[in-house]
Amino acid sequence: MTDSAAFDPRGFAVHTAPVGLADDGRDDFTVLTSTEPAVVSAVFTRSLFAGPSVVLSRAAVRDRSARGVVVLARNANVATGSEGERNAREVRDTVARAVGVAEDELLIASTGVIGRQYPMESIRDHVKTLTAPEPGHDGFQRAARAIMTTDTRPKVARARVGDAVITGIAKGVGMMEPDMATLLTFFATDARLDPEEQDRIFRRVMDRTFNAVSIDTDTSTSDTAALFANGLAGDVDPAEFENALYEVALTLVKDIASDGEGASKLIEVQVSGARDTAQAKRVGKAVVNSPLVKTAVHGGDPNWGRVAMAIGKCSDDTDIDQDKVAIRFGEVTVYPPGRPGAQDEDAVRAAVADEMRGDHVVIGIDLAVADGAFTVYGCDLTEGYVRLNADYST
């Protein structure tokens, strides 16, 4: 893993600019393109209120070929009716023509406030001046910043695989309970893979990373995740590529979870001993999404019983036996309390409180059913989350 922009993949160019989607003057419009034809793999939100950007992009990736994406930040263009649909198509098509790619080879993504129309006049004025961007050393860093909404920092990660490089960017700190994707995240690589193999790899990695993060149980209407591979570095070993893509995605996921709206701590819930992966994921989500667990972690309150409560909410999982379950914070086992050599209650609470003082709290759960396992990521629930979302559109 490397954070150096000198290792970005060959053949990708980025343009960013402010087009008035918000009133603070920062870049809010991004175009990421490959100078060469690219194979694309993508997954999207399954929200019934998916925006027109998602609809257009779903259609664009059906043939597994795309040259890039245009991203508009701070305006979701969701629940905007036929006008919003026309505007999304106009933005996508005019940007594609300006940068010299086919209209159906450009994805579009939007994120931000729901129910507002694009400021089309300012967008049109900017697109009139737009030309194909040139590759540059800071392009991905600029893109990561320009796609932010309430993020406090840009999120970029990179890795090498053979002669190729994978660079990923992401935004997202709230309204995140993934369903086949989450938030906005884009990966670019100069590796070459079989398109079918690439798609399988991408979906497996998304399931293990971005589908494992949850901030507040709310599913975005705009979730988009895409991987563009232009092949300029030649063939790579698929297994090595999958490992590298996983490391890049996991780095972004942890950065997202720790930057959750108002967050002060990253919560990692490691579930083992489950009937299968699905059960492990379900139990982990029940814990990481519990407001009582989140607030306990925020306050450093060693009330580990809230974890037991959250597991118990999975009432359809009747093969979970509370007498066999084990719960730990870090390396401190808190349940069952009557195991040989167990510390007394005060000592356990003190040890758990110590584990909760850091900015990364690990909760381990062994269900003792079978060998299924999954790890999920989230964050604590703070006063800052309430304040930010109470004033989000004002």
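**Briefing on a predicted single-chain model**

The charged end of arginine 208 sits over the ring of tyrosine 246, at 4.0 Å from the ring centre. This arrangement comes from a predicted model. The chain contains eleven helices and 14 strands, and 56% of its 394 residues count as buried.

**The chain as a whole**

- The accessible surface of the chain comes to about 16,100 Å², and carbon and sulfur atoms account for 48% of that surface.
- Of the contacts between residues at least 6 apart in sequence, 80% join residues at least 24 apart.

**Aromatic pairs**

- A search of the whole structure finds three aromatic pairs.
- In one of them, the ring centres of phenylalanine 187 and phenylalanine 202 are 6.3 Å apart and the ring planes meet at 75 degrees, so the pair is edge-to-face.
- This pair links distant parts of the chain, with phenylalanine 187 in strand E8 (residues 184-192) and phenylalanine 202 in helix H5 (residues 195-208), 15 residues apart.
- Phenylalanine 187 and phenylalanine 202 are both buried.
- Tryptophan 304 and tyrosine 335 form a tilted aromatic pair, with 6.1 Å from centre to centre and 45 degrees between the planes.
- This second pair also links distant parts of the chain: tryptophan 304 lies in the loop between helix H8 (291-299) and helix H9 (305-312), while tyrosine 335 belongs to strand E12 (residues 332-335), and 31 residues separate them.
- Tryptophan 304 is partly exposed, with a relative accessible area of 22%, whereas tyrosine 335 is buried, with a relative accessible area of 16%.
- One aromatic cluster is formed by Phe187, Phe202 and Phe210.

- Asparagine 77 is located in the loop between strand E4 (68-75) and helix H2 (81-99).
- With a relative accessible area of 0%, asparagine 77 is buried.
- The side chain of asparagine 77 makes a polar contact of 2.7 Å with the side chain of threonine 80.
- The side chain of asparagine 77 also reaches the backbone oxygen of glycine 84, at 3.1 Å.
- Leaving aside residues up to four places away in sequence, asparagine 77 touches Gly51, Pro52, Gly84, Ala88, Ser110, Val113, Arg116, Gln117 and Tyr118.

How values were computed
Residues numbered from 1 in each chain as written. Predicted model: local features only at pLDDT ≥ 70, side-chain atom pairs only at ≥ 80, totals over all residues. Heavy atoms only, no water. Helix = DSSP H or I, 4+ residues; strand = E, 2+ residues; numbered from the N terminus. Buried < 20%, exposed > 50% of the residue type's maximum accessible area, 1.4 Å probe, protein only. Polar contact = N/O pair within 3.5 Å; in protein donor to acceptor, adjacent residues only side chain to side chain. Contact = heavy atoms within 4.5 Å. Areas by Shrake-Rupley, 256 points an atom, 1.4 Å probe, with all protein chains shown as cover. Phe/Tyr/Trp six-rings, centres within 6.5 Å; stacked < 30°, edge-to-face > 60°. Lys NZ or Arg CZ within 6 Å of the ring centre and 35° of its normal.
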